[in-house]
Amino acid sequence: ATHVRLGSLLCRQESWEEGVASLKRAVELNPKSIVAQTGLGDCLSAHAQVLSQYGAQKDTSEEFRLISSAISSYQQATWLDDAGAVKAHLKLGQLLVREKRFKEAFSHAHKAAGVNADTGDPGIRLPALLLVADLQSREGNFKAAEAHLLQARELHAKLPSDQHVGVQAHDVDEKIATVLSQRNQFAAAALRMRGVVRAKPNDALKHALFARILLFANDLEEALETAQRAVWLDDRCGECYLILGLVEIESRAASAKVLNILRKAATFVRAEQPLSELHLYEGAAHASLQHWDEAKIAFKQCLVHARSEDLLKGLCLHNLAVSETMSPTADMPAVVSHARSGLQDAYSMLPSGCSVVEKVVQRHWEILSHLPLKSETEKVASYDPLSSWFCSRQLSALEESTTQLILSLAKEQISAPVMDHINSVAISGKEEEGRAHGWAGWMADVVTSIVGEKREKNTTKVSSPRTKPGKIFSVADIDIPPMVVP
């Protein structure tokens, strides 16, 4: 016991070598001591985390060695037949999550959460239930995640404050609200978040999240009031301005006002936040003003920053196709071909169950092409709240205004030269290939407009990137220099 206490104290003081040596000595003296095994795992894990956060060295072998040793110590503790092994399961699960070994983490977290509710240590069971719920949410099992979160909330309410192990009731409620949003139960999520903002009245981000959920629950008036309060609480909160911009778009606010809000969002948005959502809103606002060149730039930037093939990228591809069609140009064949390719790729990227948006894309496709529209890839489900909200909306709600996030297109809006070209192609039964298939062609165009056409040393022009039919390009397939957010 002396070696364990000394080793733990030395590790807290970041005297890693002496601490590990003392804990290893404790394990040698008593290999069946769970306290010694978990203490050694704690010290090794903490040292690895410090190296990960503050280490400037490129060599990560030491960090990897420490993590492997910590996992080994925790595993040995879990093999011991003792009530204390439950704590080792929790710690091992938490470390495996850090290492993105989620399936293994779930197994250990589930064992820690499954201890007897009456006799088990609530200080272990509470964080274990939260960890299990987080892992289930990651896998899209939101119903099971909600059940574990409700158990955690009930357990939290029964415990005295000194046994809450740093978990606050509003933290659990926020997790429940997020899961309910992912299950498309926005009214119930708003009810949970109301308690969160009541507990954290000066937290701007909590108010911004509440405003988004209120919008998804169709409470537009309170959503606007809450979003405005968020930016009042913190006028340098980029995410708060972003959500306010979305609410203002849905409120049919003046597009100039929306653009001003989004400029502030771009100024203060955090580096780790994706910019695709910001550029989607920006493009929609420009389109409502019929500023088609600015709208095209915004939608292209959305494609550059989109992280995956999902609803956001699909919407930006669709809106870019509409903007290309509406923008005056002399190169009508390229415009029509690009627009068709964009609609085809947008349709393929829409998540399953998003029939509302599919119908809009199909109708716009029928204006530009006489061929059938088919998805070139297998559609997958999307669980983020924005997709759930957007895909659950009524078709009429998506078409009421050009300030909506999916742009409208009608034959009477298209210029006569473009429409004549579309009709002539339909009569001839031949649809030309454009400069490049899909949104990769647009990316090449925007890069060329910024840096000029790329040339090799012998000045031979390099051909533009092309894709095979049905293949969706990624940004990695195009030689794009670092982009500057406008």
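**Close-up 1. Ala-48 is a buried residue of the predicted model.** Because its relative accessibility is 0%, below the 20% under which a residue is classed as buried, Ala-48 counts as buried in this predicted model. Ala-48 belongs to helix 3, which covers residues 34–54. Leaving aside residues up to four places away in sequence, Ala-48 touches Glu-63, Leu-66, Ile-67 and Arg-98. A separation of 8.0 Å is found between the C-alpha atoms of Ala-48 and Glu-62, two residues that stand 14 residues apart along the chain.

**Close-up 2. Helix 8 packs against helix 9.** Helix 8 is formed by residues 142–158 and helix 9 by residues 169–182, and the two pack at an angle of about 160 degrees, with their axes 10 Å apart. Since angles over 145 degrees count as roughly antiparallel, helix 8 and helix 9 are therefore roughly antiparallel to each other. The crossing in which helix 8 passes helix 9 is left-handed. On the side of helix 8 the contact is made by Phe-142, Ala-145, Glu-146, Leu-149, Leu-150, Ala-152, Arg-153 and His-156, while helix 9 contributes Ala-169, Val-172, Asp-173, Lys-175, Ile-176, Val-179, Leu-180 and Gln-182. Sorted by class, the residues of this contact between helix 8 and helix 9 comprise 10 nonpolar, two polar and four charged.

**Close-up 3. Helix 15 is a mostly covered helix.** Helix 15 runs over residues 276–288 and has 13 residues, reaching 19 Å from its first C-alpha to its last, which is close to the 18 Å expected at 1.5 Å a residue. Helix 15 is followed by Gln-290, a residue whose phi is positive, near 60 degrees.

**Close-up 4. Helix 15 crosses helix 16.** The axes of helix 15 and helix 16, the latter formed by residues 292–305, come within 8 Å and cross at roughly 165 degrees. This angle makes helix 15 roughly antiparallel to helix 16, and helix 15 passes helix 16 in a left-handed crossing. Helix 15 takes part in the contact through Ser-276, His-279, Leu-280, Glu-282, Gly-283, Ala-284, His-286 and Ala-287, and helix 16 through Trp-292, Glu-294, Ala-295, Ala-298, Phe-299, Gln-301, Cys-302 and His-305. By class, the contact of helix 15 with helix 16 consists of eight nonpolar, six polar and two charged residues.

Key:
Residues are numbered from 1 along each chain as its sequence is written. This is a predicted model: local features need pLDDT of at least 70, side-chain atom pairs count only at pLDDT 80 or more; totals for chains, interfaces and linings use all residues. Side-chain values use heavy atoms; hydrogens and water are left out. Axes are lines fitted to C-alpha atoms, for helices over the stretch in contact, and angles run from 0 to 180 degrees between N-to-C directions. Helices (H or I, at least four residues) and strands (E, at least two) are DSSP runs, numbered from the N terminus. Angles under 35 degrees count as roughly parallel, over 145 as roughly antiparallel, 65 to 115 as roughly perpendicular and the rest as oblique. A crossing is left-handed if the near helix is turned anticlockwise from the far one by less than a right angle, and right-handed if clockwise. Contact means heavy atoms within 4.5 Å. Ala, Val, Leu, Ile, Met, Phe, Trp, Tyr, Cys and Pro count as nonpolar, Asp, Glu, Lys and Arg as charged, and the others, Gly among them, as polar. The expected span of a helix is 1.5 Å times one less than its number of residues. Buried means under 20% relative accessible area, exposed over 50%, partly exposed in between (1.4 Å probe, protein chains only).
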